[in-house]
Amino acid sequence: MTAIPLQSRRKFIKNLGYISVGFTLLGSCSGTEDPIMAARVNYNRKLPGSIGRAKTVNAWLKILEDGSIMILSGKVELGQGIRTAIQQVAAEELDMELDKVQVHLAETGITPNEGYTGASASIQNSAMSVRFAAATARQELLALTGKKLNTSVDNLMLYNGIVKSKLDDKSYTFAEILEGEQIDREISLPVPIKDYREHRYVGKAVPRTDILNMVQGPAVYIQDLRFPGMVHARVVRPPGYTSQLTAIDGNGLKAEVAGVIKTVIKGSFVGVITEREYQAVKAEQYLRNHSKWTTSTPFPKPENLFTHIKEIADNPETIRKEGNVEAAFKGVETVKARYTKPYLKHASLGPACGLAMFDGEVLHLWSHSQGIYPLREALATMLSMETDKIHIKAVPGAGCFGHSTADDAATDAAILALEYPNAHVRVQWSRHDEHSWDPYGPALITELEASLDENQRINSWKSEVWSDSHSMRPNKDAGTVLAARYLEVPFTMKSRGYLGGGHRNADPYYTIPNIKLNAHYYDGPFRVSSLRSLGSFTNIFAVESFMDALAEKAGQDPLHFRLNHLEDERAIAVIQKVKALTNSQNTLDGEGIGYAFMRYKNSDAYIAVSAKVAVNKVNGHIELIKMWAVVDVGEVINMDGITNQVEGGMIQAASWTLKEQVTFNTKEITSTDWIKYPILRFSEIPEVEVAIINRPKETAYGVGEVAMPPSAAAIANAIYKACGKRVYDLPITPDKILNT
Amino acid sequence: MPTYQLNINGSLKKVETKADTPLLYVLRDYLELNGPKFGCGLAQCGACNILINGSASTSCMLPVSSVGDAEITTLEGLATEKNKLHTVQQAFVNEQAAQCGYCLNGMVMVAVSLLNTNANPDEAEIRNALQGNLCRCGSHSRIIRAIKTAAKNL
């Protein structure tokens, strides 16, 4: 780790416009009336993976001169509220005020390398690492004071940034104890952490402080960053994925558009730098109209997409096999169904933006990337630069829900900044490019087959999944960043053939004696990567729709049927709770209530979702009236953070389920704006209700993705209850209901 | 290049730019305001909402030459006193009505516009007013709640 003096780092943050507003939200928590120290218990289970990469306290936590704490997290704030969760665990272990804890999010050379912010893993990794770092810091501060005063730590108290002696009431600030040093002690087991029964922040609905800024308009997002002498740029993207530039005539550009500084052409990469932002918009348009490109490789006909996928797929891999499915299917009647999901967009509300400045030696970047360290690897390869000559700072962007275009905008800015050194170059993507070049969540096919035994229990279950890769995130392979594929010497994007994520949750969590899961990888026609919950969305849509069909065959209530196949108490509890929440609901003619359950990744958080819909039998119109969710993520860090994620997840999933699909013809992608790629609008938003089962003694799991998968199935099951029509092919639209 | 005198947040601002520059770019790039956001440039998402004479409008397709002497209010101009929030802003904070918050400018501006003409809107009226505003995170139910709270506190 590069040591950067605190003073200069703080100046750096101030320069970015992050001026924190003094605002105490927790009046009731301020001040420790009772300096009795909360009990500690020894944590002796596994340490989070992130600690393996950054083992010492000072990698995670710095004590500032004024005694406040700076947490260094390798994660990025994406609107999920991770900053607040991290503040909570740190303030908890050090018995401090929340506003005395600042969180410095990912920056190369400063924060630990925690890979990507994704997979609902920031709580498990970053927040838990901070918990153990803060707990270790507390231990060390007490030990150092004990040594200094030549007394036992039993005679000392640590709270509100001081260590106080019970014997003579003398107190020392953290800064005084450390005398300018930081704590370089290794974090190792056992770690004495605060007993959960004494928590005052963790498990509570601590409000996020960043919303105060969002409603007022100081610089919050990457799009808001401004630097003296900053210039603007746009990139002319090719008309298709494999189009190559054959001619460009920029001779008339300067006469047509004011403020043009430079046009950069490198192979099929065309960028233009201007003084003002709208000049860049016009210059990009001019160059697009004055350039010629080769025709891109045609796409399959949209109506043949799923046939095409099966044709190009590799031979299947057997992912899970228990008992003997083939033998169990022999001579018995089986139930079969095929479920499909189209390509989906991340469709971030804020198109990508990236800033870069090359000072002649170091290339500085500002990006809303989910993984600045891996992005640095990709850029180092693309630019043939040493990684330590590339400095990237994460800045919040609009919610992106997986690997979207942030890294690509940063890459554009990097290329242009090297061509125009010593100025900050700001690249803003258009809505058209954001919708067209986004690495989509891939189309999936999930085929299921099952048989029941004589007691109407599932005896045998087979899942077959067809999926493209869900992980094309940047790494040292430069083809992962878009612009690299269009340079004079292009970096091709090698398909990773990675199936992980594609078959996630395709094997049911239910107790079934014979289970087989096959996964088929295909390298499809569209640019793809990770989209919130990966393959689980389609697989749980399939599995939980299928469970309702099997329950019907068994002549059982769908929830009762599920409970008959579950042994895990926590799974049973979320289902029973969602049933209780919906018990008092009445359904009119044309209305229905559906349910779905999931344990995310079959190993993490538990969730049960219910949906109530009304279907107009004449025109197929679907009204989504209300959705309920019950979640168990183990130990709750922030009650409202979880509620917010689950509410939002259900609404986003409802949008995917009822409205969304990437549209295309053989020549091009056609869903290039919000009219052609509609998402739910206010008139269509269901009421949402979330209940949380807090289990403070259990491992804390992330929640970011968990509401997505069961929401689709709950809606599909509700529609079936409402009108007797089952749609297998997402999105569920009125015409599909009428034609089923 | 023509010069325009604009009435922004109660003060006159002089801007020299081409006539077709959309107001959003004038506000963000020339006047360095962050409230109105670039979301689509197509008047489809509402992230760039401002108030024109108290009424919400998108700004991303509105040429600066058509603004004239209209009173333009941005998110930055809502609070009338320093260090105090407008009732609508305060309601969004109290209800924690955001995830990423990128759409929030538009939501707040439309809410203020709605409450300017209808002090006590019902849920259908709130949803109808926000129909042109997209939120990707799914904060809709909190946003509706915040506007109800704001109406009560006005």
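Student: How far apart do the C-alpha centres of domain 1 and domain 2 of chain B lie?
Tutor: In this predicted model, the C-alpha centres of domain 1 of chain B and domain 2 of chain B are 21 Å apart. Domain 1 covers residues 3-77 of chain B, and domain 2 covers residues 87-153.

Student: How many residues of each domain are in contact with the other?
Tutor: On the side of domain 1 of chain B there are 14 residues, and they are in contact with 13 residues of domain 2 of chain B. The elements that give two or more residues to this side of domain 1 are strand 3 (50-52) and strand 4 (55-57) of chain B. Sorted by class, the residues on this side of domain 1 are 8 nonpolar, 5 polar and 1 charged.

Student: Let us turn to helices. What describes two packed helices?
Tutor: A pair of packed helices is described by the angle between the two axes, together with the distance between those axes. Here, helix 2 (residues 87-94) and helix 5 (residues 140-153) of chain B pack at an angle of about 135 degrees, and their axes are 8 Å apart. Helix 2 of chain B and helix 5 of chain B are therefore oblique to each other, and their crossing is right-handed.

Student: Which residues make the contact of helix 2 with helix 5 of chain B?
Tutor: Helix 2 of chain B contributes Thr87(B), Val88(B), Ala91(B), Phe92(B) and Asn94(B), while helix 5 of chain B contributes Ala146(B), Thr149(B), Ala150(B) and Asn153(B). By class, the residues of this contact are 5 nonpolar, 4 polar and no charged.

Student: At what angle do helix 2 and helix 3 of chain B pack?
Tutor: Helix 2 of chain B and helix 3 (residues 104-117) of chain B pack at an angle of about 130 degrees, with 9 Å between their axes, and that makes helix 2 oblique to helix 3. Helix 2 of chain B passes helix 3 of chain B in a right-handed crossing. From helix 2 the contact takes Val88(B), Gln89(B) and Phe92(B), and from helix 3 it takes Leu104(B), Val108(B), Ala111(B), Val112(B) and Leu115(B). These residues divide into 7 nonpolar, 1 polar and no charged.

Student: Moving to chain A, is Thr297(A) buried or exposed?
Tutor: Thr297(A) counts as exposed, because it has 11 C-beta neighbours inside 10 Å, and a residue is exposed if that number is 12 or fewer. Thr297(A) is found in the loop between strand 13 (291-293) and helix 10 (305-312) of chain A.

Student: Which residues is Thr297(A) in contact with, leaving aside its neighbours within four places in sequence?
Tutor: With those neighbours left aside, Thr297(A) is in contact with Tyr241(A) and Thr242(A). Thr297(A) and Thr666(A) are 369 residues apart in sequence, and in space they are 8.8 Å apart, C-alpha to C-alpha.

Terms used:
Residues are numbered from 1 along each chain as its sequence is written. Chains are lettered from A and ligands numbered from 1 in the order in which they are written. This is a predicted model: local features need pLDDT of at least 70, side-chain atom pairs count only at pLDDT 80 or more; totals for chains, interfaces and linings use all residues. Domain bounds come from an automatic or database domain assignment. Two residues are in contact if their C-beta atoms, placed from the backbone, lie within 7 Å. Helices (H or I, at least four residues) and strands (E, at least two) are DSSP runs, numbered from the N terminus. Ala, Val, Leu, Ile, Met, Phe, Trp, Tyr, Cys and Pro count as nonpolar, Asp, Glu, Lys and Arg as charged, and the others, Gly among them, as polar. Axes are lines fitted to C-alpha atoms, for helices over the stretch in contact, and angles run from 0 to 180 degrees between N-to-C directions. Angles under 35 degrees count as roughly parallel, over 145 as roughly antiparallel, 65 to 115 as roughly perpendicular and the rest as oblique. A crossing is left-handed if the near helix is turned anticlockwise from the far one by less than a right angle, and right-handed if clockwise. A residue is buried if 20 or more other C-beta atoms lie within 10 Å of its own, exposed if 12 or fewer, and partly exposed in between; C-beta atoms are placed from the backbone.
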